[in-house]
Amino acid sequence: MKRILVTGVYGQLGQELQKLLLLVRDLTVIGVGRDRLDLTKPEQIQQQLQTLQPDIIINTAAYTAVDKAESEVELANIVNGIAPTLIAREAKQLGANLIHLSTDYVFDGNGNRPYTEDCFPNPVGVYGKTKLAGEQGVEANCDRALVLRTAWVYGAHGRGNFVKTMLRLGKEKKQLRVVCDQVGSPTWAYDLAIAIAQLISLPTIPAGIYHYTNSGVTSWYDFAVAIFEEAEQIGFPLLIEEVVPITTAEYPTPAVRPPYSVLNCQKITKLLKTHPPQWRQSLRKMLNQLYTHNL
């Protein structure tokens, strides 16, 4: 029976992944959060992994506060850069597979075509730079490591994400201003968890870099409009009347964000022989789940 370790188990992806994997026969799933494996304390990593002896490690834990990272560089680098590198070293010692989650923010966003796995990374902010350091550390230290880049992740579980934030603000305000010149692909955590479950069910988990997002492209503004349209049809109580498109320049933030961060997912589509679901269909399913279960 394979032992699978999921880090960051209290996050939106970690929760979806643990629920999903617990339904799979012949797997022992060990979920750990910061209380058992604190990535800000690298000395815990060797001790815990040697104790738990996993066959597969899925590292969903990360420092994801993009703006805060600009002023917490050292902390972001420990969690996103150093810790994954140490996990990779231990995975190699154990002969374990490692699936490490990364991000579209490793690219500068100055292109206009979906980024493939072999496009040159050039992160523009601390968050993206530390995630790239993690990718490089993982690949250099474990020959059985798969780096899975994703983007714009949201889910029913975990703390704040864009969808939950829009729903909260939509109940409080009649008008919202949302950036319209940043483009990407929203990704439902449940769909991402399904893809990871499919990866670990393969006869051999491949190594290398793969991209996975929901299919389709949108802006944050159009995503917000879609959230309110779908939520209204389901019956969410909303006060919102107008969403106003604004430019990035009109909404300055500490961190620079890539204006175009669409990922090309053909490589994983070919591997798994299934196409990622369309983002708006997944949004509708997630909102129905939130409404039905009052999450």
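Predicted model: local features only at pLDDT ≥ 70, side-chain atom pairs only at ≥ 80, totals over all residues.
Which residue lies over the face of Tyr-210?

**View 1. A lysine over an aromatic ring.**
Lys-267 lies over the face of Tyr-210. The distance to the ring centre is 4.2 Å.

**View 2. Tyr-105 and Tyr-127, one of the aromatic pairs.**
The whole structure holds 11 aromatic pairs. Tyr-105 and Tyr-127 make up one of them, with 5.7 Å from centre to centre and 75 degrees between the planes. This pair is edge-to-face, because an angle over 60 degrees counts as such. Tyr-105 belongs to the loop between β4 (97–103) and α4 (126–141), while Tyr-127 belongs to helix α4, so the pair ties together parts that are 22 residues apart in sequence.

**View 3. Trp-188 and Tyr-190, a tilted pair.**
The ring centres of Trp-188 and Tyr-190 are 5.0 Å apart. Their planes meet at 40 degrees, so the pair is described as tilted. Trp-188 is buried, at 4% relative accessibility, whereas Tyr-190 is partly exposed, with a relative accessible area of 30%.

**View 4. A cluster of aromatic rings.**
Ring pairs join six-membered and other named side chains into a cluster made of Trp-152, Tyr-154, Phe-162, Trp-220, Phe-223 and Trp-279.

Ser-215 sits in the loop between β10 (208–211) and β11 (218–219). Is this serine buried or exposed? Ser-215 is buried, because its relative accessible area is 18% and the cut-off for buried is under 20%. The side chain of Ser-215 reaches the backbone nitrogen of Gln-278, at 3.4 Å.

**View 5. Ile-57 in strand β3.**
Ile-57 is part of strand β3, which covers residues 56–59. The relative accessibility of Ile-57 is 0%, so this residue counts as buried. Which residues touch Ile-57, leaving aside its neighbours within four places in sequence? The contacts are Leu-5, Leu-49, Ile-87, Ala-91, Asn-97, Leu-98 and Ile-99. Trp-279 is 222 residues from Ile-57 along the chain, and the C-alpha atoms of the two are separated by 27 Å.

Cys-265 is in no disulfide, and the nearest cysteine sulfur, that of Cys-119, is 12 Å away. A disulfide would need two cysteine sulfur atoms within 2.5 Å. Cys-265 is buried, at 11% relative accessibility. Cys-142 is buried too, with a relative accessible area of 4%.

**View 6. A salt bridge inside helix α1.**
The whole structure contains 6 salt bridges. One of them joins Glu-16 and Lys-19, with the closest N and O atoms 3.9 Å apart. Both residues are in helix α1 (residues 12–21); because they are 3 residues apart there, about one helical turn separates them. Glu-16 is buried, with a relative accessible area of 3%, whereas Lys-19 is partly exposed at 43% relative accessibility.

Arg-280 forms a salt bridge with Glu-229, the closest N and O atoms being 2.7 Å apart. Arg-280 lies in helix α9 (residues 279–293) and Glu-229 in helix α7 (residues 220–234), so this bridge ties together parts that are 51 residues apart in sequence. Arg-280 is partly exposed, at 25% relative accessibility, and Glu-229 is partly exposed, with a relative accessible area of 38%.

Glu-230 also forms a salt bridge with Arg-280, and here the closest N and O atoms are 2.8 Å apart. Glu-230 is in helix α7 and Arg-280 in helix α9, so the two tie together parts that are 50 residues apart in sequence. Glu-230 is buried, at 4% relative accessibility.

Terms used:
Residues numbered from 1 in each chain as written. Heavy atoms only, no water. Helix = DSSP H or I, 4+ residues; strand = E, 2+ residues; numbered from the N terminus. Buried < 20%, exposed > 50% of the residue type's maximum accessible area, 1.4 Å probe, protein only. Polar contact = N/O pair within 3.5 Å; in protein donor to acceptor, adjacent residues only side chain to side chain. Contact = heavy atoms within 4.5 Å. Phe/Tyr/Trp six-rings, centres within 6.5 Å; stacked < 30°, edge-to-face > 60°. Lys NZ or Arg CZ within 6 Å of the ring centre and 35° of its normal. Salt bridge = Lys/Arg side-chain N within 4 Å of Asp/Glu carboxyl O.
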